[in-house]
Structures are given as structure tokens and as C-alpha cells.
Amino acid sequence: MLDLHYKEQGQGYPILLIHGLFGSLSNLGLLAKHLTELSYRVISVDTLNHGLSPRSDSMDYQHQAKAIKALCDKLDISHCAIVGHSMGGKIAMATAQLYSDLVNAIVVADIAPVAYQHNHAAVFSGLNSFDPKDINSRSEAEQLLARHIQEAGVRQFLLKSLTKTNQGWQWLFDVKQLALCYNNIIGWKEFGQFKRPCLFIKGENSDYIVSEYQQTVGQQFPKAELKMIAGTGHWLHAEKPAIFNRLTEQFLAKHI
């Protein structure tokens, strides 16, 4: 049930990488390669209902953190750091709050420990507008998505999870379950303070971390640091990977 799919690279101190909504473990691939070269043991994770991980009726953050803890137990990891983007950042925060003996530090990319009002209605409309088994090419899928999703970058991000199988094209994420669990995904429940080091990295042009969240972050993560990457939006790790990787590297070198 909670046996998450993962990819492991390198040797050294374990770092878990957790992607965001509609993503997969490949999303943080550039960071995984960078950290592996720095002699870390890097475990890239497919979250529940994404990639090759199990499908689940529940995606609340306690449940998702439990899945991360189960993976660490399976891999004999007693201490680790976690880097998470967006939904993956919330999973990192929940895991740190619930299993503080396991997590020594976290890096949270462009998300805050709050409930959001963000709306992915256009994305779900696009995903539900066609059966991927009926299409003949990735470009056809993009044309169909474009009827609902204006941003080319969002379409390209989604198409990274479109794969061709013997049964035809299919999404690597479970569209139905993500829609059913959407309120849990954008929501947040505080699980207590995490008093170890945290780095929050914000994209300058993103509205996922705003000044009014500063007090909430400080209450839950009293050792939080904040860095901003200029000229980036929500997908900051893909837009300016060299800067994102350097900030992550410097933080981990200092705190673990």
C-alpha cells in the first residue's frame, strides 16, 4: 500500500527528493545528478498516485509522510535530509514535523505550510477532455490540452508524464484520484514545530510564498531561512537549475 517507487543514486548521506503535483521522480533529476556528484546518497521518489508508485484513496499529508517514513525504514535510513518542490515540499514539511528524529534538515521549494486557494481547474479540464489511449502522438495531446491550458510551460510539464505503453498512451499520474484528493493536496494541517534547519526557496514571480505567510512559517519552522531566485516562477528548479542546485548544496553542506 505504502511501498513507494524510487530511484537511488550515489553513496553517502541520504537525501530524499520529492516532486510536486502532476510530476514524477524525474522532475528533480538535475538536482539528483548534482548531489550524487557531491557524494550524497540520493533517493528520488514517486509520490502516491504519481509515476510508478501505488494508487491511494488518501493523499493527506500525514498519510504521505507515513509513506516516506516507510520507505526510509525499508532502505535502513535512520537520518536524512529532504528536498521537496510544491506538494513535495509539503510532504517534506509534514515528514519533518511528524518524524523529527528521522529528518535533520529540509529544503522546501516554492510552497508554504498553509492551505491554498489555488485552482487547477483548467489542468483537470484539459486532462479529462480526452482519453490518452485515443491519441496518436504527444503533439496531438498538447493540442488537446491547449484548448484548456493557456500556459505552454504547464502543458510541457504535464506532457513529461505522458508515456507510451503496449496499450497506448497513458498518464503516469492518476487523474481521477488526484481530483478526488485535491482538497487534501492544497490543504494543510500543522503537525507541530520542526526545530531543525529549513531552507525555503521562493521563485520571485511566484505567489506561492508571500510575505503574509512569514509568521506562519516562523511558528512552525523557527530555524527557517528564506532565499529567493530572481526571474523565476513556481518551477524555479527547472527555470534556473544552476542557482537552485547551488543554494541547496550550500545549505546541505552547512547543516548535515
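Reply:
**The salt bridges**

Aspartate 3 and lysine 74 join their side chains in a salt bridge, 3.0 Å from N to O. The term stands for a side-chain nitrogen of Lys or Arg within 4 Å of a carboxyl oxygen of Asp or Glu. This pair links distant parts of the chain, 71 residues apart: aspartate 3 sits in the segment before strand E1 (6-9), and lysine 74 belongs to helix H2 (residues 61-74). Helices (H or I, at least four residues) and strands (E, at least two) are DSSP runs, numbered from the N terminus.

Keep in mind that this is a predicted model, where local features need pLDDT of at least 70, side-chain atom pairs count only at pLDDT 80 or more, and totals for chains, interfaces and linings use all residues. Residues are numbered from 1 along each chain as its sequence is written, and side-chain values use heavy atoms, with hydrogens and water left out.

Aspartate 3 is partly exposed at 48% relative accessibility, and lysine 74 is partly exposed too, at 45%. Here buried means under 20% relative accessible area, exposed over 50%, and partly exposed in between (1.4 Å probe, protein chains only).

Next up, arginine 41 pairs with glutamate 8, their closest N and O atoms 2.5 Å apart. Arginine 41 is in strand E3 (residues 40-45) and glutamate 8 in strand E1, so this bridge ties together parts 33 residues apart in sequence. Arginine 41 is buried at 17%, while glutamate 8 is partly exposed at 36%.

Then there's lysine 33 with glutamate 37, at 2.7 Å from N to O. Both are in helix H1 (residues 29-37), 4 residues apart, or about one turn of the helix. By the salt-bridge rule, the count comes to 5.
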